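The following exercises concern a single structure and are each followed by a worked solution. Please examine the sequence and the coordinates before reading the solutions.

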Amino acid sequence: MKRYVQILWGKAHWIFEAETVPEFAPDIVIIDITDKPEIQEGWDYDEETRDFTAPVVPEPTPIEPTPTLEEMQAQTLLNTEYLVSRSELLGGM
């Protein structure tokens, strides 16, 4: 049994086993990877070099902690004071 991969949008999309390459539409790219057991679905495929590489997973972006109730109340008070001062300034024109 041989191991094959379908390439879709520059990635290893579907890995399957078969005795021979199945006949698909001519635009479907199927590559024999019997001698490359490390390849997994989702790996990048370089059409020019015919090399597969594991995708680079970016480091997660740190999530800012949720503000406490007191912090939200203080910010609301500041915003309210700012809006009141702006309306007084604009109303005095």
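**Exercise 1: Charged pairs**

Asp44 is partly exposed, with a relative accessible area of 24%; buried means under 20%, exposed over 50%, and partly exposed in between (1.4 Å probe, protein chains only). The model is predicted, so local features need pLDDT of at least 70 and side-chain atom pairs count only at pLDDT 80 or more, while totals for chains, interfaces and linings use all residues. Residues are numbered from 1 along each chain as its sequence is written, and side-chain values use heavy atoms, with hydrogens and water left out.

Task: determine with which residue Asp44 forms a salt bridge, and how many salt bridges the structure holds.

Solution. 
1. The criterion is a side-chain nitrogen of Lys or Arg within 4 Å of a carboxyl oxygen of Asp or Glu. Side chains of opposite charge can pair when their charged atoms come close.
2. The partner of Asp44 is Lys11, with the closest N and O atoms 2.4 Å apart.
3. This pair links distant parts of the chain, since Asp44 is in strand S4 (residues 44-46) and Lys11 is in strand S2, 33 residues apart. Strands (E, at least two residues) and helices (H or I, at least four) are DSSP runs numbered from the N terminus.
4. Lys11 is partly exposed, at 33% relative accessible area.
5. The count comes to 2 salt bridges. Asp32 and Lys2 also meet in a salt bridge, at 3.8 Å from N to O.
6. Because Asp32 lies in strand S3 and Lys2 in strand S1, that pair ties together parts 30 residues apart in sequence. Asp32 is partly exposed at 34%, and Lys2 is partly exposed at 38%.

**Exercise 2: Aromatic rings and a surface patch**

Task: state which residues form the aromatic cluster and which make the nonpolar surface patch.

Solution. 
1. Rings of Phe, Tyr and Trp (its six-membered ring) pair if their centres lie within 6.5 Å; planes under 30 degrees apart count as stacked, over 60 as edge-to-face and the rest as tilted.
2. There are 4 aromatic pairs. One of them joins Trp14 and Phe16, which are stacked at 4.2 Å centre to centre with 25° between the planes.
3. Trp14 is partly exposed at 36% relative accessible area, whereas Phe16 is buried at 10%.
4. The cluster consists of Tyr4, Trp14, Phe16 and Phe24.
5. For patches, residues must have over 30% relative accessible area and no salt bridge; like charges are joined within 9 Å, nonpolar side chains (Val, Leu, Ile, Met, Phe, Trp, Tyr) within 5 Å. Areas come from the Shrake-Rupley method with a 1.4 Å probe.
6. Trp14, Phe24 and Ile28 make a nonpolar patch of about 250 Å². Ile28 belongs to the loop between strand S2 (11-18) and strand S3 (29-32), and is partly exposed at 31%.

**Exercise 3: The core**

Task: identify the residues of the largest nonpolar core.

Solution. 
1. Such a core is a set of buried Ala, Val, Leu, Ile, Met, Phe, Trp, Tyr and Cys residues joined through side-chain atoms within 4.5 Å.
2. The largest has 10 residues: Val5, Ile7, Ala12, Ile15, Ile31, Ile33, Ile39, Trp43, Tyr45 and Phe52.
3. Contact means heavy atoms within 4.5 Å. Leaving aside neighbours within four places in sequence, the contacts of Phe52 include Val5, Ile31, Trp43 and Asp44.
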